[in-house]
Amino acid sequence: QVQLVESGGGLVQAGGSLRLSCAASGRTITNYAMAWFRQAPGKEREFVAVIAWSSGSTDYTDSVKGRFTISRDNTKNTVYLQMNSLKPEDTAVYYCAARGSWTTAQALRIMRAYTYWGQGTQVTVSS
């Protein structure tokens, strides 16, 4: 079992920045893929970004490219999502997710590819 705990959400004005953290525990995640998804009110949960724990390879959804950066700290077993130039449309609950291996980029954008999920952290961007 892997436990994921997100933190760092909050209220920010448009154009501002936030950094989300996802702390993983319970199992060695050396070969894991770690991702961020988000869900806005009334919408389906959508892929945001993913990182391969071992290689550091990343992938992003188009709407956040150039604004968001996913990274990991091996010493802390923590994944981060640095969010800059935030827009009101980024408002959502952000979820951390993990799966035991890397696979195709297309597959990693799908919720069912992931075994473990955090409880989510709210991000609200005011205009």
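## Met83 and the fold around it

Leaving aside its neighbours within four places in sequence, Met83 is in contact with Gly16, Ser17, Leu18, Leu20, Arg67, Phe68, Tyr94 and Val123. The model shown here is predicted.

**The cores**

Met83 belongs to the largest nonpolar core, which holds 30 residues. Within that core, Leu4, Met34, Trp36, Leu81, Met83 and Tyr94 touch the most other members. At least two of its residues come from each of strand 3 (18-25), strand 4 (33-39), strand 5 (46-52), strand 7, strand 8, strand 9 (92-99) and strand 11 (121-126). Another core lies apart from it and has nine residues, including Ala35, Phe47, Val50 and Leu108.

**The sheet**

Now to the strands themselves. Strands of a sheet pair through backbone hydrogen bonds, in a parallel or an antiparallel way.

Strand 7 and strand 8 (residues 78-83) pair in the antiparallel sense, over six bridges. In this region, Ile70 stands opposite Leu81 in strand 8. Leu81 is also one of the core residues that touch the most other members.

**The whole chain**

How many helices and strands does the protein chain have? There are zero helices and 11 strands. Read along the sequence, the pattern is β-β-β-β-β-β-β-β-β-β-β. The radius of gyration of the chain is 13 Å, close to the 14 Å that the globule rule gives for 127 residues, so the chain is as compact as a globular protein of that length.

Some values for the chain follow.

| Property of the protein chain | Value |
|---|---|
| Box filled by the C-alpha atoms, along the principal axes | roughly 40 × 30 × 25 Å |
| Buried residues, of the 127 residues | 44% |
| Accessible surface | about 6,300 Å² |
| Part of that surface belonging to carbon and sulfur atoms | 45% |

Among contacts with a separation of 6 or more, 59% join residues 24 or more positions apart. Met83 gives examples of contact partners elsewhere in the chain, among them Gly16 and Val123.

Note on methods:
Residues are numbered from 1 along each chain as its sequence is written. This is a predicted model: local features need pLDDT of at least 70, side-chain atom pairs count only at pLDDT 80 or more; totals for chains, interfaces and linings use all residues. Side-chain values use heavy atoms; hydrogens and water are left out. Two strands pair if DSSP finds at least two bridges between them. Helices (H or I, at least four residues) and strands (E, at least two) are DSSP runs, numbered from the N terminus. A nonpolar core is a set of buried Ala, Val, Leu, Ile, Met, Phe, Trp, Tyr and Cys residues joined through side-chain atoms within 4.5 Å. Buried means under 20% relative accessible area, exposed over 50%, partly exposed in between (1.4 Å probe, protein chains only). Contact means heavy atoms within 4.5 Å. The radius of gyration is taken over C-alpha atoms; the globule rule is 2.2 Å times the number of residues to the power 0.38. Accessible areas come from the Shrake-Rupley method with a 1.4 Å probe; for residues, only the protein chains shown count as cover.
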